[in-house]
Every structure is written in C-alpha cells, then in structure tokens.
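Please look at the structure below before reading on.

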Amino acid sequence: MTILKGSKVYSILTGSCPVCQEESMYKEANPFKVMSTLKMHERCSHCSTKYKMEPSFFFGAMYVSYPVGIAFASVAFVLSYMVFGIAILPTFFIICAVMLVMLPIILRLSRNIWINFFKHYQKQSNVSA
C-alpha cells in the first residue's frame, strides 16, 4: 500500500490524515467496534490538520454513503446471482446481510471520501522547527 502513499486513494483506503497521511483519523482502528466506529481525533498530531472543519461537517458524507453502499450491494448481487447462480430471493437476503455487516466500513469509507474532497495531500519537509 506504500506505493499509493501521497494519493487520495491511500488516504481513503487507510483512513489516514488526508494532508500528511501519517496517522489514522480514527481513535479506534477496528471499524467493527460499533460503539467507536465514527469516533475521530479532533486534529492530526503530526500536521495539526483539523478534521471537522465546521459543525456537522460529516453530514455531507451521507451523500457519499449512498453510492458506496450501492457499490457493495452491486458486488454482492453480481457474486451471488450471476456468478454462483443463487435464486433471486436468497440473493436479496444476501445483499441485505452484506449491507448490514459492511455498514461500519461503508460509514468510514464515506467519511474518508468526503474529507478528501476538501483536504489535499501536502508532502511534508524533513525540516523540524
């Protein structure tokens, strides 16, 4: 994954700071710990980037979560119905199960994509002040 460092894709997939990409934005690394899935640090300890630029900033991630969820559901459909040939009703239940299980991942990916619309990677110099 280090070959992607410096790109938005790296920041989105790893949940790292979109500016320096040196640390995670999230307090808990495991997204499946449901009570702390969306708990974030206020600022990056490496570059001091403020993650919540304004109150309710991440409400915009709801607009991103819809296509991300559709992507997960589409993959579940293609795999279950078209690849494995499972009937349509069980495929529907598989899609529902995938969406339920992957909800924490979808929420985090949506936040990562949303913040990367507004913040951009800046290569950090090795000069310490």
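In this predicted model, helix α2 and helix α4 (103-118) each give at least two residues to the lining of the largest pocket. The residues that line the largest pocket are Leu 38, Lys 52, Ser 56, Phe 57, Phe 58, Phe 59, Ala 61, Met 62, Ser 65, Leu 107, Ser 110 and Arg 111.

The second largest pocket is lined by 13 residues, and those closest to its centre are Leu 13, Thr 14, Gly 15, Arg 108 and Asn 112. Two or more lining residues of the second largest pocket come from each of α1 (8-14) and α4. Helix α4 gives the largest share of this lining, with 5 residues.

| Pocket | Volume |
|---|---|
| Largest pocket | about 210 Å³ |
| Second largest pocket | about 170 Å³ |

By class, the lining of the largest pocket has 7 nonpolar, 3 polar and 2 charged residues. For the second largest pocket, the lining has 8 nonpolar, 4 polar and 1 charged.

The helix pairing comes next. Helix α2 (residues 61-83) and helix α3 (residues 88-101) have axes that come within 9 Å and cross at roughly 145°. This crossing of α2 and α3 is right-handed. On the α2 side, the contact is made by Gly 69, Phe 72, Ala 73, Ala 76, Phe 77, Ser 80 and Tyr 81. On the α3 side, Ile 88, Thr 91, Ile 94, Ile 95, Val 98 and Met 99 take part. The contact of α2 with α3 has 10 nonpolar residues, 3 polar residues and no charged residues.

Methods
Residues are numbered from 1 along each chain as its sequence is written. This is a predicted model: local features need pLDDT of at least 70, side-chain atom pairs count only at pLDDT 80 or more; totals for chains, interfaces and linings use all residues. Side-chain values use heavy atoms; hydrogens and water are left out. Axes are lines fitted to C-alpha atoms, for helices over the stretch in contact, and angles run from 0 to 180 degrees between N-to-C directions. Helices (H or I, at least four residues) and strands (E, at least two) are DSSP runs, numbered from the N terminus. A crossing is left-handed if the near helix is turned anticlockwise from the far one by less than a right angle, and right-handed if clockwise. Contact means heavy atoms within 4.5 Å. Ala, Val, Leu, Ile, Met, Phe, Trp, Tyr, Cys and Pro count as nonpolar, Asp, Glu, Lys and Arg as charged, and the others, Gly among them, as polar. On a 1 Å grid over the protein atoms alone, a cavity is a set of points where a 1.4 Å probe fits but cannot get out, and a pocket is an open set with protein on both sides within 12 Å along at least five of seven lines; lining residues have an atom within 4 Å of a point. Grid points are joined across faces, edges and corners, and a volume is the space filled by probe spheres set on the points.
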